[in-house]
Amino acid sequence: MQLEFLRLLRPLLPLGLAATAMGIASGLATAALLALTNRALQSPEGAANGVLLGFAGLCALVLLGEIASDIGTSLVGQRALARLREGLCDRILDAPIARIEAQKAHRLLAMLAEDIDTISNATFSFSSVAIATAVALGCLGYLLVLSPPLFLVVALGIGLGAAGHALARRRGLAGFAEAREAGDTLQRHYRAMLDGAKELKLNRARREALRTDGLRVTIGRIRDLRMRAIRVFVSANAFGSLLYFAMIGLILWLSPAWAGTDRGVLSGFVLVLLYLKGPVEQIVHALPLFGRAQIALRKVAGLSAGFQDRGAMVPDAPPAGFAGSIALRGATHAFPAAPGQAPFVLGPIDLQIARGETVFIVGENGCGKTTLIKLLLGLYPPGDGALLLDGAVVPPEGMDDYRQLFSAVFSDYFLFDDLPTAQADMARRAAHYLDRFEIAHRVRIEAGAFTSLDLSTGQRKRLALIQAWLEERPIMMFDEWAADQDPTFRRIFYTELLPELKRMGRTLIVVSHDDRYFDAADRIIRLQAGRIAEDRRMAPAA
């Protein structure tokens, strides 16, 4: 992922080089300003007019270079960060459902929020660190010019300090890495606290367990791990400062032995060293932030490694329909085994659904109904066997095309607040269905979106059905849609809505436990323990 971030920076290289050059110019001008000040202080004439003009010019160059470098490097960093965000979102949007499910929502949310924010904070600090680095290099160059022997003493001190910081960085990054792993657990507790708020109110013991054993323990662990890492960096900073002052003291102590050294050179040397401490500390204090950004980039890389690139997933044009059937031939799908349990395997499944059929998929909980519909919809690729459209195997590169045949309301559906498309009559049609499904008094259409999603469970499912209806896809799937409806709307769904959709030419796949309405189906597919136990064709309605 570090390489990917550098790849994202490549188009911004000219701007980045220009900003870096301005930062270097600002740093060198700062060093020259120190040299000019030192010469003016040592000169018997003091600050002549020429010196003052040079002083003013160098001050202007320092300020202009700093501003240009700040703006340029921030612009480069933020543009690269935006591209990283866009690329990551593209990968997640186009990733296989099984991969997203395996990563878990709390881990992905932590990556999109915490990790990206950490990288963003590092990019904001890059400009000031770049300028501080340029100032430090300029000052060191001036020190080398002033006195090569004294510079060797400084170089030795800097080398020892850098070695100490390298050791501290390794230990500090390990602590930050552990804290980042604990951040995934904290996100999981946050989701439990918010998504399970009602259940927690009803169960004091669970609520207190989440509070004490979950949230407080994890928050405390993150605090302790980060403080341990920070203490390592602070100790290294203190060691560096001690070494720095010891180096200045050594120069002052040994100065009588350097009889040939000009006193002006010696005072200038010490003056520059004292000034240099500020930029050096700025660089050192940024190291923990850059370390956390490095960990965040590694985390992003690890979570997105299996996600597919956008170019392999987006079709040129979605199909308008299908001519004959969709089918599974010898298809299987297996889930990883939980500790101490055998893995659940669906299949092998042989199933063909003809255009215009209404097929009910039934069976006990856990028999594989949801897995079967995900195979039929192309959300899971078959482990063995094949998925067929009109008798032809759907290749991996055609899977996204195939999925555009379907509209679906899953049992764990997500309700979007915008209309499916921006067609001219979409708002009028949506308003018609809002009235027909008896929720127009709660929801309106404004600016191409529903005004509210704050509805009862049954009403939200009706709104999800309206969304699917308006998409006008040839195949529609409903996973226990009627389970949350009152008896009236349950009857309407089976006896009015499904027949109406069938007359419109839709192919319907319905997961249901409502055996009193099974006569609304053309076929009943009964699953048991991951296999088709019954495929029964229903008698036509009289």
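Two strands count as paired if DSSP finds at least two bridges between them. Keep that in mind for this one, which is a predicted model.

Start with β3 and β11. Strand β3 covers residues 358-363, and strand β11 covers residues 523-528. They pair in the parallel sense, over five bridges.

Now the whole sheet. How many strands form it, and in what order? Six, running β6-β9-β10-β3-β11-β12. The sheet is open, and the pairing is mixed. At the edges stand β6, residues 406-409, and β12, residues 531-537. Each has a single partner strand, so one side of each lacks a neighbour in the sheet. From one strand to the next, the twist averages 15 degrees.

Next, the helices. Helix α13, residues 457-471, packs on the sheet. It touches β6 and β9, the latter being residues 475-479. The direction of α13 makes about 180 degrees with that of β6. Then there is helix α14, residues 487-503. That helix lies across β3, β9 and β10, and runs at about 150 degrees to β10. Strand β10 is residues 507-511.

Last stop, the surface. Which residues make the nonpolar patch of about 360 Å²? Tyr 190, Met 193, Leu 194 and Ile 219. Helix α6, residues 148-195, gives the most to this patch, with three residues. Tyr 190 sits in helix α6. Is Tyr 190 buried, partly exposed or exposed? Its relative accessibility is 32%, so Tyr 190 counts as partly exposed. The cut-offs behind that: buried is under 20%, exposed is over 50%.

Conventions
Residues numbered from 1 in each chain as written. Predicted model: local features only at pLDDT ≥ 70, side-chain atom pairs only at ≥ 80, totals over all residues. Heavy atoms only, no water. Helix = DSSP H or I, 4+ residues; strand = E, 2+ residues; numbered from the N terminus. Axes fitted to C-alpha atoms, helices over the stretch in contact; angles between N-to-C directions. Contact = heavy atoms within 4.5 Å. Patch = residues over 30% accessible without salt bridge, like charges linked within 9 Å, V, L, I, M, F, W, Y side chains within 5 Å. Areas by Shrake-Rupley, 256 points an atom, 1.4 Å probe, with all protein chains shown as cover. Salt bridge = Lys/Arg side-chain N within 4 Å of Asp/Glu carboxyl O. Buried < 20%, exposed > 50% of the residue type's maximum accessible area, 1.4 Å probe, protein only.
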